[in-house]
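Student: I am new to this structure, and I would like to learn how to read its features one at a time. Could we go through them together, with the general idea before each case?

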Amino acid sequence: MAVTIKDIAKYAGVSVTTVSRALNGYPDVSEETREKIKKIAEELNYSPNSIARGLVMNKTHTVGLVVSELIKPGAYHPFFLEILAGIKAGLRKDKYDLILFTVDPASQDITSYEKLCSDKKVDGAIVEGLKLSDPYIEEIKKTDIPTVLIDIPILNEKVGYVSSDNVHAAFEATSYLIRLGHKKIGFINGHNDAAVSFERLEGYKKALQKNSIPYKDEYVVFDDFTQDGGYNCFKKMVFENPEITAIFHASDLMAIGSLKAAQDLGMRVPDDISIVGFDDIELASLITPGLTTIRQENYKIGYMAARHLLSIIKGETPKHIVVPHRLVIRQSAKKI
């Protein structure tokens with residue numbers, strides 16, 4: 001006969017409710033009692049019925065990962081697997097399962113965020129890659145579903161978010177180029193439908209302002225975060241502004257595109273122009289010259305997103321969690 005929580009309660013000398021709350025991680029059970037109950041459960045080879053537990057607690061121990069346009073032709077998410085690995089590790093401790101939802105603007109118009117989550121009966125969701133104009137953005141601002149966003153600044157009673165300090169990171173990258181003697185610094189930014197694009201632009205502007213360098217609109221261009229975007233923007237920027245000596249990029253993929261464009265134009269990096277990226281994807285350390293860039297801790301971002309979501313599911317207050325970054329100096333930028 002299968003062991004039940006009633007059996008554990010009898011052996012532990014506590015109530016069935018205490019056993020249930022201890023095994024499901026509620027904070028109102030002392031660590032001493034929790035460990036005692038866990039030990040008895042192991043000795044009795046207790047195996048919880050997840051379906052029954054879900055019905056009783058109105059919880060399924062499953063969360064969703066909502067990713068936008070992951071399967072769009074030509075789309076490439078070089079750090080998605082790092083974030084995914086961090087999320088899985090963050091859920092493992094509490095034995096939560098993960099369901100992947102891939103969406104795009106069209107599917108968001110057909111199926112609401114509430115329906116997407118309720119149909120799959122997830123206890124909450126982590127959201128990554130949405131554009132600011134996507135329909136789900138306004139829905140998430142009003143949702144009652146525990147939600148954690150990655151790099152999207154929405155904060156309310158049920159929604160928190162995790163990110164790097166994009167403003168300060170861009171400030172650091174631009175300031176580094178200024179310390180190398182560069183004053184005519186371009187910025188190849190991501191598309192203007194992403195929160196990080198505006199935050200990184202703000203950091204770029206702050207670095208210029210602090211060093212009394214005038215900001216010029218013509219030194220800033222917006223495109224997508226891809227190699228093609230960087231390649232095309234680089235050619236346009238150096239053709240229209242040949243005086244530029246360095247370019248900061250909102251992503252490593254764009255910076256790698258610029259490296260290819262410079263090579264095709266017969267320019268040497270960093271002798272003729274310095275290049276700095278953002279992300280520190282694996283390829284950044286493998287190309288020649290090695291790419292100076294801002295390293296985001298993508299695994300930790302995923303891990304913290306998962307842990308924060310579970311805390312919101314348990315009733316804790318959502319917040320903005322900032323994951324540290326660092327400037328990684330390689331060979332793509334030099335002193336002038």
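Tutor: Let us begin with the word contact, which means that heavy atoms lie within 4.5 Å of each other. This is a predicted model, in which local features need pLDDT of at least 70, side-chain atom pairs count only at pLDDT 80 or more, and totals for chains, interfaces and linings use all residues. Residues are numbered from 1 along each chain as its sequence is written, and side-chain values use heavy atoms, with hydrogens and water left out.

Student: Which residues is I188 in contact with, leaving aside its neighbours within four places in sequence?

Tutor: Apart from those sequence neighbours, I188 is in contact with V221, G230, C233, F234, M237, I247, F248, H249, A250, M254 and S258.

Student: How many residues does the largest nonpolar core have?

Tutor: In soluble globular proteins, nonpolar side chains tend to be buried together. A nonpolar core is a set of buried Ala, Val, Leu, Ile, Met, Phe, Trp, Tyr and Cys residues joined through side-chain atoms within 4.5 Å, where buried means under 20% relative accessible area, exposed means over 50%, and partly exposed is in between (1.4 Å probe, protein chains only). The largest nonpolar core here has 71 residues, and those with the most contacts inside it are I126, L177, I188, Y204, F234 and F248. A second, separate core of 19 residues includes V103, I152, I154 and Y161.

Student: Which residues of helix α8 are buried?

Tutor: Helices (H or I, at least four residues) and strands (E, at least two) are DSSP runs, numbered from the N terminus. In α8, which spans residues 135-142, the buried residues are Y136, I137 and I140. Seen down the axis of α8, these buried residues fall within an arc of 105°, so they line one face of the helix; the arc is that of the directions from the helix axis to the C-beta atoms. Among the elements that cover the buried residues of α8 are β2 (97-103), α6 (105-110), β4 and β5.

Student: Is S332 buried or exposed, and what does the side chain of S332 reach at 2.6 Å?

Tutor: S332, which is placed in the segment after β12 (325-328), is buried, with a relative accessible area of 0%. A polar contact is a pair of N or O atoms within 3.5 Å; within protein, one must be able to donate a hydrogen and the other to accept it, and residues adjacent in sequence count only if both atoms are side-chain atoms. The side chain of S332 reaches the backbone oxygen of I275 at 2.6 Å, and a polar atom of that side chain lies 2.9 Å from the backbone nitrogen of T292. Not counting residues up to four places away in sequence, S332 touches several residues, including V269, P270, P289 and G290.

Student: Where are the cis peptide bonds, and which residues have a positive phi?

Tutor: Most residues other than glycine have a negative phi, and most peptide bonds are trans. The bond from V269 to P270 is cis, with omega near 10°, and P270 is found in the loop between α12 (252-264) and β9 (274-279). Another cis bond joins T288 and P289, with omega about -5°, and P289 lies in the loop between β9 and β10 (292-296). N45 has a positive phi, near 55°, and is placed in the loop between α3 (31-43) and α4 (50-57), where N45 counts as exposed at 65% relative accessibility. D151 has a positive phi of about 65° although it is not a glycine.
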